[in-house]
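Me: I'd like to learn how to read charge pairs, strand pairing and pockets in a structure. Could you take me through an example?

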Amino acid sequence: MRWDRFFDDLEDQLASEWEAERAALDTEAERLRLSRVLLAERLTLLSARDATPVTASFEFLDGATLRAAVTGVGADWVALAPAEGPAGAVVAPFSALVAIGMPHADLLRTARPSPPRSPLADRLTFGFVLRDLVRRRAGVAVHLASGRRLTGTIDRAGADHLDLALHEPGAPRRTDAVAGYRLVPFAAVAWIRADEAPNLP
């Protein structure tokens, strides 16, 4: 009888140790998975089409803070729908994001495993989305990392820069209304507010 109890205790002890080891392995596997998660994947989960939109607080290099919902995510940029202010959309390169504030439950939701991103989304660069704004001739306000704001229309968007025709906000781009031109490196852009939302696939 005592031997039965002894073997039962040994079995319980081994089972307990096995459970502890499995839990440690699961924890380590989760840490390893999280170490490979990209910002684009977390932002994509915020923009999930089947979920309720999450309004987060986005802080930019220029010191601006904007409450907005994520509407699209590209290879190196995020599109936002501002919660307040004029209609339109905001596009910002990941490199200009300083911090993103949201409720803890939403923060945890963005850390869950996400469905695979579309190969197309991974090829849509910041320049690509700006070229869509060029095609639409949309008026923009380009907020620079320095804190300055330039308004006008983007005439061209290259691989790492844009050409901006300066004119009054809300006015159409007409030659006689253009006050000057600026060549702006993408690295200097904190965020862009467009009068029209870009077409996102």
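Reply: Happy to. Let's start with a salt bridge: the side chains of Arg135 and Asp132 meet in one, at 3.7 Å from N to O. Keep in mind that this is a predicted model.

Me: What is the general idea behind such a pair, and where do Arg135 and Asp132 sit in the chain?

Reply: In general, side chains of opposite charge can pair when their charged atoms come close. Here, Arg135 and Asp132 belong to helix H4, which covers residues 126–136. They are three residues apart, so about one helical turn separates them.

Me: Are Arg135 and Asp132 buried or exposed?

Reply: Arg135 is exposed, because its relative accessible area is 56% and the cut-off for exposed is over 50%. Asp132, by contrast, has a relative accessible area of 7%, and under 20% counts as buried.

Me: Which residue does Arg136 form a salt bridge with?

Reply: Asp132 again, with the closest N and O atoms 3.1 Å apart. Arg136 and Asp132 are four residues apart in helix H4, about one turn of the helix. Arg136 counts as partly exposed, because its relative accessibility is 25%. Through shared partners, the salt bridges join Asp132, Arg135 and Arg136 into one network.

Me: How many salt bridges does the structure hold?

Reply: Six. Another one to look at links the side chains of Arg109 and Asp106, at 3.9 Å from N to O. These two are three residues apart in helix H3 (residues 104–110), so about one helical turn lies between them.

Me: Are Arg109 and Asp106 buried or exposed?

Reply: Both are buried. When you inspect a charge pair, look at distance, position in the chain and accessibility together.

Me: Let's move to strands. How do E6 and E7 run, and how many bridges join them?

Reply: To read strand pairing, check the direction of the strands and then the bridges. E6 and E7 run antiparallel and are joined by five bridges. One example is Val140, whose bridge partner in E7 is Gly152. The two strands form a hairpin with four residues between them, and Gly147 in the turn has a positive phi of about 105 degrees.

Me: How many of the residues in E7 are buried?

Reply: Seven of its nine residues, so E7 is mostly covered.

Me: Which element gives the most, and what classes of residue make up the lining?

Reply: E6 gives the most, with four residues. By class, the lining has seven nonpolar, six polar and three charged residues.

Technical notes
Residues are numbered from 1 along each chain as its sequence is written. This is a predicted model: local features need pLDDT of at least 70, side-chain atom pairs count only at pLDDT 80 or more; totals for chains, interfaces and linings use all residues. Side-chain values use heavy atoms; hydrogens and water are left out. Ala, Val, Leu, Ile, Met, Phe, Trp, Tyr, Cys and Pro count as nonpolar, Asp, Glu, Lys and Arg as charged, and the others, Gly among them, as polar. A salt bridge is a side-chain nitrogen of Lys or Arg within 4 Å of a carboxyl oxygen of Asp or Glu. Buried means under 20% relative accessible area, exposed over 50%, partly exposed in between (1.4 Å probe, protein chains only). Two strands pair if DSSP finds at least two bridges between them.
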